[in-house]
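Dear colleague,

I am handing over the structure below, and after it you will find notes on what turned up when I went through it. Please read them with the model open beside you.

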Amino acid sequence: MRIGIGYDLHRFCPGRKLILGGVEIPHTHGLAGHSDADVLCHAIADALLGAANLGDIGGHFPDSDPAFRDACSLLLLESVAKRVGDAGYKIGNVDTVIIAEFPKLLPFRDGIIASLSGALGIDPARISVKAKTNEGLDATGRQEAIAVFASVLLEEDEKGR
């Protein structure tokens, strides 16, 4: 078994849609980034890549490459899951914490889990999405950004390594 940890943070900006886990969340602002800035998908991708010792999301999908401008991060995550599988691993589980004062994410959690499940090719019961606030502290608490921590467990698949 291998464990990976991922982290990402994106600041809010006007004029963009807020996308988390491939789901559009109604909000006054979206997140700034080269792709669609789906901070949840980015953190999970880094956790997967780290656990499989395959580098990081910036190495696979650099923000200097125009091909990834406004890219759907859910599709990037799907690509990462395939690379992890090709490296001889299957995903045991994914655990995430989204840190945001607003919007409230509980009404969207099931949709986010379903979306991630499709991209990762695993049962939704293996995915945990939790939302926490920072009680008004730091950039997330001041509603300037959203941050995500993700951890994953990878297991060797039947092919072994």
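How many disulfides does the count come to? The model is a predicted one, and the count in it comes to zero disulfides. The sulfur of Cys 13 has its closest cysteine sulfur in Cys 72, at 17 Å, which is too far for a bond. Cys 72 is likewise in no disulfide, since the nearest cysteine sulfur, which belongs to Cys 41, is 7.2 Å away, whereas a disulfide would require the sulfur atoms to be within 2.5 Å.

Helix H3 covers residues 73-86, and at 1.5 Å a residue its 14 residues should span 20 Å, which agrees with the 20 Å between its end C-alpha atoms. Buried in H3 are Ser 73, Leu 74, Leu 76, Leu 77, Val 80, Ala 81 and Val 84. Seen down the helix axis, the buried residues of H3 fall within an arc of 155 degrees, and they therefore line one face of the helix. Leu 75, Lys 82 and Asp 86, on the other side of H3, are exposed. The partners against which the buried residues of H3 pack are helix H1 (39-51), strand S5 (89-99), helix H4 (109-120) and strand S7 (145-156). Just after H3, Gly 88 adopts a positive phi of about 100 degrees.

The largest nonpolar core holds 48 residues, of which Leu 20, Ile 44, Leu 48, Leu 116, Leu 120 and Ile 146 touch the most other members. Two or more residues are given to this core by each of strand S2 (18-20), strand S3 (23-25), H1, H3, S5, H4, strand S6 (127-132) and S7, and the largest share, 10 residues, comes from H1. If residues up to four places away in sequence are not counted, Leu 20 touches Ile 25, Leu 31, Asp 38, Val 39, Leu 40, Leu 105, Ile 112 and Ile 146.

Finally, Ala 147 lies in strand S7 and, at 4% relative accessibility, counts as buried. Leaving out residues up to four places away in sequence, Ala 147 touches Tyr 7, Asp 8, Leu 9, Val 97, Ile 98, Ile 99 and Thr 140.

Best regards

Definitions and conventions:
Residues are numbered from 1 along each chain as its sequence is written. This is a predicted model: local features need pLDDT of at least 70, side-chain atom pairs count only at pLDDT 80 or more; totals for chains, interfaces and linings use all residues. Side-chain values use heavy atoms; hydrogens and water are left out. Helices (H or I, at least four residues) and strands (E, at least two) are DSSP runs, numbered from the N terminus. The expected span of a helix is 1.5 Å times one less than its number of residues. Buried means under 20% relative accessible area, exposed over 50%, partly exposed in between (1.4 Å probe, protein chains only). The arc is that of the directions from the helix axis to the C-beta atoms. Contact means heavy atoms within 4.5 Å. A nonpolar core is a set of buried Ala, Val, Leu, Ile, Met, Phe, Trp, Tyr and Cys residues joined through side-chain atoms within 4.5 Å.
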